[in-house]
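Student: I have a structure open and would like to go through it piece by piece. Can you help me read it?

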Amino acid sequence: MSDLPSDSRSENSDLKIILLTQYKREVEGKMASEDVMIKIDSLTKSFGRIKALNDLNLEIGRGELLGIIGSNGAGKTTTIRIICCILKPDLGDVLVDGHSIQTDPIKIKSMIGYLPEEPNLYERFKARELLRYFAELYGVPKGEIESRIDELLELVGMSDRADDKINTFSKGLRQRVGIARALIHDPPIIIFDEPTMGLDPATANTIRGFIRKLKGKKTIILCTHYMDEAESLCDRVAIVNKGQIIDIGTPEYLESKVHGDIILKVRVNNPQSIDTNKIKSINSVDAFSIDGNEFSVSLNSRKDISQIVDVFGEEVVSVNTKEPTLEDVFINTVK
Amino acid sequence: MKYFSVSDVLEFKLISNCTQQLLGQVKDMNFTTITKWEFKGTLSSRKFLMIFLLQISVLLLMIVVFNSFTANLESENGISLTPSLSGFASMDVQDESGLFIDRLNPEILDVNRSNYNTSMKRMEAGKTTGFLMVPGDVVASINAMEPVNLNLYLDYSDPKSVVVLDEVNSTSKIISTAITASWVNSLSPQNTSTQNFKQQSSGESLPLQIINKAMMAIILFLPILLFGNIIMDSVVGEKERKTAEILIAMPVSHADIIIGKSLASILLIALQVGIWILILLITGFAIKNPLLVYAFILMASVPIVGITTALSVYAKNYKEAGIGISILYIGVAGFLAVPALAYISTRSTFANISPMTVVMRLFSGEVIPLTDYAVTVLFAFIFSFLSYWVAVKLSRRDDVVFGPRPGILRLIWDLISFKKV
């Protein structure tokens, strides 16, 4: 990537900046204006009678990797389509590096590389031809197009398939070409909408590897259903529900908001025989749920673990402890 | 949502606004990349090559049909659009005057001269279906204005007797009409034409020369209509293949996309029409002013591609676009052909709103006044502007591209109320 920022600063100064930015985001609740790459302001959008976005506000920092998670129809894709100037909001505005989607859509489009959920590409083209077409549309200088295509095909591991037609590619290969297409103009912002959806674990892992390579060098928005993906990749995660951001923060920060420090998973033979009132009466128990033969008990202290296990008595088959994950956060927040 | 007020419209602020927007867009336009790749992509696709070759075959077939049609017109037999039934049924006739026997249609009946005794035997043997006996003094009876009695014997066991009866009845009617007309004409004053008055003939077929020109014009306008499928694929295909999303995410305007795609279609039509004109010239058709003819056909393609694009932008899928375009093209064909054919009889300047009229006149080497050219160009320009304006307006609407799509009445209301969406 020719225009990527050089890595000249020391690790210590990097760490200070990250900590300071994080402090600002989480404690002060907002970023300094020079740190903001994308500012979403009171976005509202309806499709007929369905309100997809309802006064959504969000700020995304320069070089940040923001994850957006939410259930189907929560408004994730609508939000990113509006940022990409594909859809127009009914109300509100989005500022991308100070440019408004209302007045400067062409400028904003040139700053964004967008990978939609489905890697829908022009089937009639060969991979190289497709990248050339989009390079020309993005206005990449003619002299740089071929070298850029070679560089990106190498990055996504598609050099040997460059002259094959798109209609011969599997979904995973199409997604790789889609990533190369989104990066062809070396944009400062990249938006991925469910990039690993429907891919086999190995290909999904490769795609995550590409995203990891770009992390810190570009401002990235990652819409995903996979909590572990958001947890492992994102600097911050925004939870969207019914067209609004209902919570936002680093994965650690969000996880800390889940009831309890630890979750106890107890599998039993006969769940009906367990006296649940005894579990509730223990001081450190915040909440508990039953799923088949398994009890999940959220605790705010580890000291009462043995007391809880005693409640299950001889019915216990297995006992496991687990730290709260983003999935627990999501389920807790959205329910 | 903003609306232009009525006073804005009346004070031409709207027109000025539209013009400024249009000029601004033209200045910043970046449609050439889309045109280049659409053109290149279509040319290299198998689907296009198939359509292209099919169109050439249609042209060659039409040349063959057209040549045999004109040959028939030039021959004394004329041309019959009804299928031949010769050999299907036969009838014996006794007609010394020749009044009936010469007028029975040999394409429908095998007619044999015969007499009563022979024919009765032939009918019994199943060799003929009927026997018509015309009195020997039929002409004298007609001249004396006396009734004529025909005797028709039919073998009703033979289903072909219906055909024989029909033919005898229709021949009787033809003869009766001719006799009546001849009698009426005998009462009319003769030799009415003088130096100052021209006798107007009526009821005769169009002169071959005019049919020739009209047919050639229709043939050359066909490629425009045959390319509807390509235009549809280029626009609706983006929705069907779900590539519209990434195309709209490119740093190009909606006008760039619409103009770029339409221009590629116009270039393909230009290529096809050029080849057709060459083929017609090579196969011996005389086309006067071929370059002007070419220019006017291409000019006609601009609004037609525009309106097809607008319809394709609105269509949800191929099926819907296909139905819409079929209906639309009936109207377009009517708009092209009706004024052109009307011009033959009326010579009205207004008939020049159809480029086909001008092309037909160019074929004949007629000197066309500039005002007539101006009518064609002006109309094509207005129609083009409107169709592309509608296409771009529709393409800017999220609901049209991604749904839920608004109804046509709602869209028309938004367009005529100049609602900014």
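Tutor: We can go through the domains, sheets, helices and chain contacts in turn. Keep in mind that this is a predicted model.

Student: How is chain A divided?

Tutor: Chain A has domain 1, residues 33–256, and domain 2, residues 262–334. The centres of these two domains, taken over C-alpha atoms, are separated by 39 Å.

Student: How many residues make the contact between them?

Tutor: Domain 1 of chain A gives 13 residues and domain 2 of chain A gives eight residues.

Student: Which elements of domain 1 supply that side?

Tutor: Helix 8 (227–233), strand 9 (236–241), strand 10 (244–249) and helix 9 (251–256) of chain A each supply at least two residues of the side that touches domain 2. By class, that side of domain 1 of chain A has eight nonpolar, two polar and three charged residues.

Student: OK, sheets now. What is the strand order in the open sheet of chain A?

Tutor: The order is 2-1-4-5, with four strands and antiparallel pairing. Strand 2 and strand 5 (99–100) of chain A each have a single partner strand, so each has one side without a neighbour in the sheet.

Student: How many bridges join strand 1 to strand 2 in chain A?

Tutor: Eight bridges join strand 1 (residues 36–47) to strand 2 (residues 50–61) of chain A, and the two run antiparallel. Leu43(A) is opposite Leu56(A) of strand 2, and Phe47(A) is opposite Ile50(A) of that strand.

Student: And what sits between those two strands?

Tutor: Strand 1 and strand 2 of chain A form a hairpin with two residues between them. Gly48(A), in the turn, has a positive phi of about 65°.

Student: Which strands does helix 2 of chain A lie across?

Tutor: Helix 2 (residues 76–83) of chain A lies across strand 1, strand 2 and strand 4 (91–96) of chain A. Relative to strand 1 of chain A, helix 2 runs at about 120°.

Student: Switching to chain B. What is the strand order in its open sheet?

Tutor: Four strands of chain B are arranged as 2-1-3-4, and the pairing is mixed. Strand 2 (109–113) and strand 4 (151–154) of chain B are the edge strands, pairing on one side only. On average, neighbouring strands of this sheet are turned by 20° against each other, direction ignored.

Student: How do strand 3 and strand 4 of chain B run, and how many bridges join them?

Tutor: Strand 3 (residues 130–133) and strand 4 of chain B run antiparallel, joined by four bridges. Leu132(B) has Leu152(B) of strand 4 as its bridge partner.

Student: At what angle do helix 9 and helix 11 of chain B cross?

Tutor: Roughly 160°, and the axes of helix 9 (residues 228–240) and helix 11 (residues 254–282) of chain B come within 10 Å. These two helices of chain B are therefore roughly antiparallel to each other. Helix 9 of chain B passes helix 11 of chain B in a right-handed crossing.

Student: Which residues make that contact?

Tutor: From helix 9 of chain B come Ile230(B), Ile231(B), Ser234(B) and Val235(B). Helix 11 of chain B gives Lys261(B), Ala264(B), Ser265(B) and Leu268(B). By class, this contact has five nonpolar, two polar and one charged residues.

Student: Last one. How many residues of the two chains are in contact?

Tutor: 17 residues of chain B are in contact with 20 residues of chain A. Helix 3 (32–43) and helix 10 (244–248) of chain B each supply at least two residues of the side of chain B that touches chain A. That side of chain B has eight nonpolar, five polar and four charged residues.

Notes: Residues are numbered from 1 along each chain as its sequence is written. Chains are lettered from A and ligands numbered from 1 in the order in which they are written. This is a predicted model: local features need pLDDT of at least 70, side-chain atom pairs count only at pLDDT 80 or more; totals for chains, interfaces and linings use all residues. Two strands pair if DSSP finds at least two bridges between them. Axes are lines fitted to C-alpha atoms, for helices over the stretch in contact, and angles run from 0 to 180 degrees between N-to-C directions. Angles under 35 degrees count as roughly parallel, over 145 as roughly antiparallel, 65 to 115 as roughly perpendicular and the rest as oblique. A crossing is left-handed if the near helix is turned anticlockwise from the far one by less than a right angle, and right-handed if clockwise. Two residues are in contact if their C-beta atoms, placed from the backbone, lie within 7 Å. Ala, Val, Leu, Ile, Met, Phe, Trp, Tyr, Cys and Pro count as nonpolar, Asp, Glu, Lys and Arg as charged, and the others, Gly among them, as polar. Domain bounds come from an automatic or database domain assignment.
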